[in-house]
Amino acid sequence: MLGISLLGSLPALAKTPGEAAPIEARGFDHYTLALTWHPGFCATRHDPPRECREARLRRGSEAGFVLHGLWPSLPHQLEERGVERQHWWRKGCFIERERTSGGFCEHPPLGLSEALDTQLDAVMPGRASCLGRYQYAKHASCLRLSAEDLFETSVALVEAVNASVFTDFVVTQRGGEVRRNDLIDAFESAFGEGKGRALRLECGGDGNRLLTEVRIGIDAQRLTDFPAPESLVKLGLGDCPATIEIAAF
């Protein structure tokens, strides 16, 4: 066990009404905002989870993308201890303590405020399978990041992406095909020319052609500036082919 917080002691952070509480980061470089294209994700599941089977739980995808998670990069303290980046991505906070046996719902409840609980339900249908509990346990429970701040900020980030011309473009392609480069161009139209490397596209299904997720790199020190171009950082290339299918329910 580390015995101390990876981020150290943080003061209370002021916010104006209606704004998400900012997450200060002093111990890692960037976040990856992972957003699921819900129809594509569900189409690639051999045993679809509840959020794919129940129509009421698919309503959150009508606005565009839904939340998978907000993932801090490798904490500097762990890097100094010799932990490799790929090991952190694979294990996360379970490096420090063993993962709870059983499914996602075996992890502790998040204890969110009633208002945030409702907001998160609207953008994270995977909560029906306790995805939020697992995301916090793996990616943030060993950091000084409260579940309330992490998910309040996550909701704001999802809403910002879904309000963009990038999501508008993806939504208009539902049920069809699109060139990968056209998706990147749409992202740059929304978030800044030359910022396409901040976008990672993930695909699955037969021929690995179905869009399942997009990931966006955000500078940990510029999180509250998102979606300004200066807040974005490069991510590795994804695994999608030159032509991508955009599934629809």
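## Helix packing and the nonpolar core

Helix α5 (residues 114-123) and helix α7 have axes that come within 10 Å and cross at roughly 45 degrees. That makes α5 oblique to α7. Here angles under 35 degrees count as roughly parallel, over 145 as roughly antiparallel, 65 to 115 as roughly perpendicular, and the rest as oblique. The axes are lines fitted to C-alpha atoms, for helices over the stretch in contact, and angles run from 0 to 180 degrees between N-to-C directions. Helices (H or I, at least four residues) are DSSP runs numbered from the N terminus.

A word on the source: this is a predicted model, in which local features need pLDDT of at least 70 and side-chain atom pairs count only at pLDDT 80 or more, while totals for chains, interfaces and linings use all residues. Residues are numbered from 1 along each chain as its sequence is written, and side-chain values use heavy atoms, with hydrogens and water left out.

**Where α5 meets α7**

On the α5 side, L116, Q119, L120 and V123 meet E148, F151, E152, V155 and V158 of α7; contact means heavy atoms within 4.5 Å. By class, this contact has six nonpolar, one polar and two charged residues. For these classes, Ala, Val, Leu, Ile, Met, Phe, Trp, Tyr, Cys and Pro count as nonpolar, Asp, Glu, Lys and Arg as charged, and the others, Gly among them, as polar.

E152 sits in helix α7. At 17% relative accessibility, E152 counts as buried; buried means under 20% relative accessible area, exposed over 50%, and partly exposed in between (1.4 Å probe, protein chains only).

**The core around F151**

The largest nonpolar core has 54 residues, and F151, F166 and I216 are those with the most contacts inside it. The largest share of this core, seven residues, comes from helix α7 (residues 147-162). Such a core is a set of buried Ala, Val, Leu, Ile, Met, Phe, Trp, Tyr and Cys residues joined through side-chain atoms within 4.5 Å. F151 touches L67, L110, L116, L120, M124, G132 and Y136, not counting residues up to four places away in sequence. In soluble globular proteins, nonpolar side chains tend to be buried together.

**The α8 and α9 pair**

Now follow the chain to helix α8 (residues 165-172) and helix α9 (residues 180-191), whose axes come within 7 Å and cross at roughly 150 degrees. The two helices are therefore roughly antiparallel to each other. V165, F166, F169 and V170 of α8 make the contact with D182, L183, A186, F187, S189, A190 and F191 of α9. These residues divide into nine nonpolar, one polar and one charged.

F169, in helix α8, counts as partly exposed at 24% relative accessibility. Leaving aside neighbours within four places in sequence, F169 is in contact with V178, D182, L183 and A186.

**Two loop residues**

S164 is found in the loop between α7 and α8, and at 8% relative accessibility S164 counts as buried. S164 touches A190 and F191, not counting residues up to four places away in sequence. A140 lies in the loop between α6 (131-139) and α7; at 0% relative accessibility, A140 counts as buried too. With neighbours within four places set aside, A140 is in contact with C93, Q135, L145 and L150.

**Pairs separated along the chain**

| Pair | Separation in sequence | C-alpha to C-alpha distance |
|---|---|---|
| F169 and F187 | 18 residues | 9.0 Å |
| A140 and G92 | 48 residues | 8.2 Å |
| E152 and L116 | 36 residues | 6.6 Å |
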